2 protein chains.
Amino acid sequence: MDSVREKILDSAGRVFAERGYKSATIRQICQAAEANVAAVNYYFGDKQQLYLETVKQAHRRLSTQFPLPPWAQDASPESKLKGFIRAMLARMIGGKATPWEQQLMLREVLHPTSACRELVEEYFRPQLELLLSIISELLPSDTAAHRRRQAAFSIIGQCLFYRIAGDIVDMMAAADDEHHFTIEQLADHITQFSLAAISNTSPFDDRDNNARQSTSIA
Amino acid sequence: MDSVREKILDSAGRVFAERGYKSATIRQICQAAEANVAAVNYYFGDKQQLYLETVKQAHRRLSTQFPLPPWAQDASPESKLKGFIRAMLARMIGGKATPWEQQLMLREVLHPTSACRELVEEYFRPQLELLLSIISELLPSDTAAHRRRQAAFSIIGQCLFYRIAGDIVDMMAAADDEHHFTIEQLADHITQFSLAAISNTSPFDDRDNNARQSTSIA
DNA sequence: AAATGATTAAAACAACTGTTTAAAACAAGT
DNA sequence: ACTTGTTTTAAACAGTTGTTTTAATCATTT
């Protein structure tokens with residue numbers, strides 16, 4: 001059931017993810033798919049539309065392959081947070097050889113194209129909402145919305161870092177630990193770090209608008 | 001004193017930063033520099049060497065334009081941390097229109113080329129070491145090296161996030177707050193978040209190697 | 001078996017790529 | 001004014017790009 005169209009779509013995903021839109025060539029894609037160059041235009045019209053279809057399919061695959069974790073109600077918010085963080089790390093740096101779907105998404109995050117708006121609404125925003133709901137359980141109920149969101153971004157940022165700067169981290173760590181960078185250990189650290197930060201958040205210390213620089217320090 | 005060579009170097013920086021190595025064309029660069037196409041080969045040999053020179057120059061400019069903050073000894077570690085975070089944020093998202101030097105560096109982080117190793121040793125590592133020295137003042141002296149490094153990565157990750165996902169964040173925040181994303185306010189939050197996390201770190205709770213998943217939660 | 005429509009294949013297209021060439025323009029020293 | 005060495009220019013080169021064309025192949029129906 002892997003028709004030519006589907007094989008091209010799959011190869012295109014890998015090539016686009018690895019080389020980016022401009023650098024990826026139709027001939028590379030078709031060679032990987034064992035198809036003729038003209039097949040792309042026959043099935044998709046042109047390169048641009050092929051790319052859009054590829055991004056859509058990446059979104060579809062990720063949504064089914066890594067659905068939002070379901071342990072929503074019974075568990076403690078702490079364990080939910082850890083589950084969320086672990087799932088996020090697994091998606092991002094799982095299997096060492098990161099799936100092309102995730103790579104493509106990252107490219108869209110970095111340099112949004114016309115395919116991005118849909119991704120935000122259907123993929124990123126639901127994840128953020130889930131994380132926010134977990135965080136809300138851990139913070140005083142009167143915490144301002146923007147402070148919850150900043151906490152969420154702090155958590156996401158920690159996870160994203162190892163995806164973004166993984167190669168650099170390896171260069172810096174070099175010869176040192178190395179074995180401290182498994183997903184499980186990273187999840188441990190980020191969860192512990194973030195829980196400590198959140199539980200230590202003083203709700204009265206809301207410097208909110210117009211932060212004075214002269215007030216300084218923390 | 002902006003000779004043809006220097007004008008090409010400057011234009012190349014902007015074009016490489018915006019379009020990437022492969023997609024940037026010599027004709028684009030030379031047109032922006034008001035020079036002949038042959039000038040690149042005359043002064044730099046070929047495209048690859050021009051790129052290497054460009055990265056080196058970006059490193060040089062950043063190092064002089066944004067030197068490592070000097071308030072190293074007198075201040076409290078908390079204020080030092082905040083200063084570091086603010087400087088890092090300013091470098092990354094300062095001026096709204098990010099300078100091409102920083103964009104180029106980020107490209108090297110994401111997809112390291114042969115120019116990367118030098119950047120790591122001369123630019124990234126010194127910054128990491130400085131951050132680690134600040135963190136060490138805030139943690140028990142018997143804290144393992146890899147835990148300090150993970151704390152550092154958690155802080156850097158939080159800053160990097162707004163650089164990486166800035167466009168997406170804007171898309172999500174949309175119509176909502178907006179004015180909560182100034183550098184000063186981000187620095188406030190990240191500093192507060194990280195200090196809370198660090199000061200709440202229990203040094204005895206070192207799950208170190210072979211983390212059991214069954215032990216679960218935090 | 002013939003005919004119809006969908007699919008594949010090879011070749012060609014014009015535009016663009018990095019790079020080279022060979023001659024012109026320029027500057028400075030004699 | 002002539003020479004020498006450096007810089008700039010326009011043109012051309014060979015290779016690659018996305019896309020199109022035209023004919024061949026395949027599967028299905030009549």
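**Salt bridges and burial**

Guide: A network of salt bridges links D10(A), R14(A), R61(A) and E101(A). This is a predicted model, in which local features need pLDDT of at least 70 and side-chain atom pairs count only at pLDDT 80 or more, while totals for chains, interfaces and linings use all residues. Residues are numbered from 1 along each chain as its sequence is written, chains are lettered from A and ligands numbered from 1 in the order in which they are written, and side-chain values use heavy atoms, leaving out hydrogens and water.

Visitor: Why is the pair D10(B) and R61(B) called a salt bridge?

Guide: A salt bridge requires a side-chain nitrogen of Lys or Arg within 4 Å of a carboxyl oxygen of Asp or Glu. The N to O distance here is 2.9 Å, so the pair meets the rule.

Visitor: What makes D10(B) buried?

Guide: Buried means under 20% relative accessible area, exposed over 50%, and partly exposed in between (1.4 Å probe, protein chains only). D10(B) has 17%, and therefore counts as buried. R61(B), at 27%, is partly exposed.

Visitor: How do you know that K82(B) and E184(B) form a salt bridge?

Guide: Their closest N and O atoms are 3.9 Å apart, so the distance falls within 4 Å. Both residues are buried.

Visitor: Why is S76(A) called partly exposed?

Guide: Its relative accessibility is 28%, so S76(A) falls in the partly exposed class.
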